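Student: I want to know what stands behind the labels in this model. Can we take them one at a time?

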Amino acid sequence: GWMRAGLGLLVALSLWTGLASMVRGVRELVATRRNLGGIQDALLAQPAPIVTDCWWMAASLTDLYARRELYTIAAPEELRGWLDTVGRDVSSFVYASYEPLPAAVRFREKDRLESAGREIVCGMGIETYRVLSASERMRP
């Protein structure tokens with residue numbers, strides 16, 4: 001009687017919970033794949049080198065990594081070191097992150113960086129910066 005009905009209800013509830021979890025997981029995978037695809041497409045459209053603080057980008061967006069210059073910095077404050085080494089040979093770059101380049105970093109580098117636009121793609125900010133030449137920095 002009631003024991004059998006209770007056991008049947010418990011089995012049905014377990015199956016339902018398992019199925020709901022599986023459906024949720026598949027939806028998460030589809031959404032993540034769609035978002036990563038959108039980010040990759042937006043970054044592939046950029047002609048400039050890409051600088052990011054997202055450690056997972058090279059592994060998750062392998063096509064981007066194979067086709068574009070991609071540099072990972074541990075924190076936005078490390079941008080100065082990148083500009084002093086690799087960045088000294090570029091005229092522009094793209095900063096890709098879920099957080100905008102901090103105001104303190106932008107202020108510190110205001111004499112050599114000029115913002116050239118920002119867009120949000122699937123939650124990620126894609127900021128383009130022009131690296132000013134020495135003669136451009138001398139202008140009043």
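Student: In which sense do β3 and strand β5 pair, and over how many bridges?

Tutor: The two strands pair in the antiparallel sense, over six bridges. Two strands count as paired if DSSP finds at least two bridges between them, so six bridges qualify. Strands here are DSSP runs of E of at least two residues, and helices are runs of H or I of at least four, numbered from the N terminus. A word on the source: this is a predicted model, where local features need pLDDT of at least 70 and side-chain atom pairs count only at pLDDT 80 or more, while totals for chains, interfaces and linings use all residues. Residues are numbered from 1 along each chain as its sequence is written, and side-chain values use heavy atoms, with hydrogens and water left out.

Student: What is the strand order of the open sheet?

Tutor: The order is β2-β1-β3-β5-β4, with mixed pairing. β2 (70–72) and β4 (113–121) are the edge strands, as each pairs on one side only. β1 (residues 50–52) pairs with β3 (residues 92–97) in the parallel sense, over three bridges.

Student: Which residues stand opposite Ala96 in β3?

Tutor: Thr52 stands opposite Ala96. In β5, the bridge partner of Ala96 is Ile126.

Student: Why is Glu109 called buried?

Tutor: Buried means under 20% relative accessible area, exposed means over 50%, and partly exposed lies in between (1.4 Å probe, protein chains only). Glu109 has 2%, so Glu109 is buried.

Student: What makes the contact of Glu109 and Arg80 a salt bridge?

Tutor: A salt bridge needs a side-chain nitrogen of Lys or Arg within 4 Å of a carboxyl oxygen of Asp or Glu. Here the N to O distance is 3.0 Å, so the pair meets the cut-off. Glu109 sits in the loop between α5 (103–108) and β4, and Arg80 in helix α4 (residues 79–84), 29 residues apart.

Student: Why does Arg80 count as partly exposed?

Tutor: Arg80 has a relative accessible area of 36%, so the label is partly exposed. Arg108, at 34%, is therefore partly exposed too. Arg108 also forms a salt bridge with Glu109, at 3.4 Å between the closest N and O atoms. Shared partners join Arg80, Asp84, Arg108, Glu109 and Arg112 into one network.

Student: How far apart are the closest N and O atoms of Asp63 and Arg67?

Tutor: They are 2.9 Å apart, and the pair forms a salt bridge. Both residues lie in helix α3 (residues 62–67), four residues apart, about one turn of the helix. Asp63 has 32% relative accessible area, so Asp63 is partly exposed.
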